[in-house]
Amino acid sequence: MAIPFIGKDFTFTQPDGSALNVRGWGNQYHAVFEALNGFTLVRDPGNWFYQYANVSPDGDELIPTGGTPGMVNPRSLGLQPGIRPSEAAVKTRRSIRTAVWDFQMGTAPS
């Protein structure tokens with residue numbers, strides 16, 4: 001069973017050891033995190049830093065902008081607070097992750 005969290009505060013550690021205070025919504029299948037200023041964050045797969053996020057051109061995923069919280073004003077990147085991927089993409093990813101989890105746990109329907 002997914003354990004949801006709604007507006008829960010977390011402290012993440014960036015690769016350089018600095019602390020990043022965030023607020024998150026979701027569960028273990030899908031979650032979105034924001035800096036405390038309300039701007040959405042995503043981890044950059046190239047350097048593992050959490051960066052301000054934008055939505056991909058197709059609207060299906062969050063992509064890093066290169067702007068690191070505390071170093072860049074997200075408005076200077078043309079961002080708005082609360083950016084999210086499309087709900088259809090979120091539902092699809094959630095379904096896939098749930099199915100994979102069920103398969104790994106041996107609870108998938110046969």
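**Aromatic rings and their neighbours**

Start by selecting Arg84 and Trp25: Arg84 lies over the face of Trp25, 5.5 Å from the ring centre. A charge counts as over a ring if NZ of Lys or CZ of Arg is within 6 Å of the ring centre and within 35 degrees of the ring normal. This is a predicted model, where local features need pLDDT of at least 70, side-chain atom pairs count only at pLDDT 80 or more, and totals for chains, interfaces and linings use all residues. Residues are numbered from 1 along each chain as its sequence is written, and side-chain values use heavy atoms, with hydrogens and water left out.

Next, select Lys8 and Phe10. Lys8 lies over the face of Phe10, at 5.5 Å from the ring centre.

Now turn to ring pairs. Rings of Phe, Tyr and Trp (its six-membered ring) pair if their centres lie within 6.5 Å; planes under 30 degrees apart are stacked, over 60 edge-to-face, and the rest tilted. The count by this rule is seven aromatic pairs.

Phe10 is in strand S1 (residues 5-13) and Phe33 in strand S3 (residues 31-35), so the pair ties together parts 23 residues apart in sequence. Strands are DSSP runs (E, at least two residues), numbered from the N terminus.

Finally, select Phe5, Phe10, Phe12, Phe33 and Tyr50 together: they form one aromatic cluster.

Notes:
Helix = DSSP H or I, 4+ residues; strand = E, 2+ residues; numbered from the N terminus.
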